[in-house]
Amino acid sequence: MLTTNLNLRYLAHLIENDLSTTDKTRYQLAYANLVNLANGSEKIKITTATVANRKQLLSFAQDVIKAYTARQDGLDVQLPVMPTMWAHDAIIKAQNGLYRGTWAESYNNLFNWFYGFDYKGLAIFASDGNTKLPFHAFSALPMLTCPGADSCIAYCYSFKAFRYPRAFMRQLVNTLRLISVTGTQEITNAFMSIPNNETVRLYVDGDISTLTVLEYWFNLAKARQDLRIYGYSKSWEIFLDYAKTGQDFPTNYILNLSGGSKYESPLYANIKARVSQLPIVRGEFIAVKTDIHMPKGTTSKEIRKSSNWLKYQQAVMDAAEKLGHKKVFVCPGRCGDCSAKTHACGNPALNIPIAIAVH
Ligand code: SF4
């Protein structure tokens, strides 16, 4: 029940104390919406039934990051209020007795985490166990954590997850966790609790944003030699900065160099050549444009058996060749069984580029 979960008393306290009139109105609106939601009634009319778009979500995320950073500096800055129009889906669903999967539910999780209240939800690692990605997967916010981003922004699949409030909030809270001592401790605890000999993917959404973050992950990888860890990154200069520190690379981490970054420019040819030489690098993972979509299916076998697979595979190979890649492994999009030995992106013996159509 929302009323027991959401710290309404704390929100009420905020309303009563030292808020400017504008802020008071915003808090009161959010409070009233959430209370009404908890009661399953709609006393406040939400006139703007707008679904949150990418721009609004990124702007909200930036405001939350700013507020959280200020709190780390000891300032008493409050969590920005969820725009009331996002509550629309929650109110409609609440009228039908549904609360899960709404913006209000996820905002509630964010609220409780932000203020350090007793909190459940927004697991640090996703581990769905499906053939698409049957691994423990970490995500942060796309774009805001991607210093190497460039043309990839136009087709970045991570934004598709913004449709799902829990996925967006998990990305946001993980981004916040990485900038605080208590947050990183939470990640460390979750990482050290991953069962033995599992596979971990760093990252699905977002990227390594700083050298500190990379050092943090590499220290964790070294502490769990039993785990097989792999990832994709466009933060190539950060990996080169790590090499410069003289520290060893973890032997259980494999890096795929993602395409679509700013380093595709000939101006950065030197960086691409240097990063490719790092001992952790498997090879490139590129996205190409084709007219043909990957066939659908739940397993790689099913996808490769489909009548359209050969056409799709050829189209991807042709597009990759135009970019100078003579031989590529065409990704079927099902990491659980894409290759006989181990998943292709985590196989250091497969050192040709892996290619997929932009989807
Ligand atoms: S090649 Fe295999 S492991 Fe890599 S993304 Fe595609 S399905 Fe997943």
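Reader: OK, how many residues are in the largest nonpolar core?
Author: This is a predicted model, and its largest nonpolar core has 70 residues. Those with the most contacts inside the core are L172, V288, V316, C331, I354 and A355.

Reader: Which helix gives the most to this core?
Author: That's α6, residues 103-114, with six residues.

Reader: And where does the core lie relative to domain 1 and domain 2?
Author: Between them, because both domain 1 (2-114) and domain 2 (125-357) give residues to the core.

Reader: Let me zoom in on V316. What does V316 touch?
Author: Leaving out residues up to four places away in sequence, V316 touches V288, T290, V330, A355, I356 and A357.

Reader: Switching to strands. Is β5 mostly covered or uncovered?
Author: Mostly covered: β5 runs over residues 253-258, and five of its six residues are buried.

Reader: How does β4 pair with β5?
Author: In the parallel sense, over five bridges, with β4 being residues 228-233.

Reader: Which helix does the chain cross through from β4 to β5?
Author: Through α10, residues 236-245, and this β-α-β crossover is right-handed.

Reader: What about β5 and β6, how many bridges there?
Author: Four, again in the parallel sense, and β6 covers residues 281-288. There, S258 stands opposite F285 in β6. The chain gets from β5 to β6 through helix α11 (residues 269-276), in a right-handed β-α-β crossover.

Reader: New topic: the backbone. Is the peptide bond from L202 to Y203 cis or trans?
Author: Cis, with omega near -5°. Most peptide bonds are trans. You'll find Y203 in the loop between β3 (199-202) and α9 (211-223).

Reader: And what is the phi of M143?
Author: Near 70°, a positive value, and M143 is not a glycine. Most residues other than glycine have a negative phi. M143 sits in the loop between β2 (136-138) and α7 (165-177).

Reader: How many other C-beta atoms are within 10 Å of M143?
Author: There are 17, so M143 counts as partly exposed.

Reader: Then N197: buried or exposed?
Author: Exposed, because N197 has 9 other C-beta atoms within 10 Å, and 12 or fewer is the cut-off for that. N197 also has a positive phi, about 60°, although it is not a glycine. Look for N197 in the loop between α8 (181-192) and β3.

Technical notes:
Residues are numbered from 1 along each chain as its sequence is written. This is a predicted model: local features need pLDDT of at least 70, side-chain atom pairs count only at pLDDT 80 or more; totals for chains, interfaces and linings use all residues. A nonpolar core is a set of buried Ala, Val, Leu, Ile, Met, Phe, Trp, Tyr and Cys residues joined through C-beta atoms within 7 Å. A residue is buried if 20 or more other C-beta atoms lie within 10 Å of its own, exposed if 12 or fewer, and partly exposed in between; C-beta atoms are placed from the backbone. Helices (H or I, at least four residues) and strands (E, at least two) are DSSP runs, numbered from the N terminus. Domain bounds come from an automatic or database domain assignment. Two residues are in contact if their C-beta atoms, placed from the backbone, lie within 7 Å. Two strands pair if DSSP finds at least two bridges between them. A crossover is right-handed if, with the strands pointing away from the viewer, the path from the first strand over the helix to the second runs clockwise.
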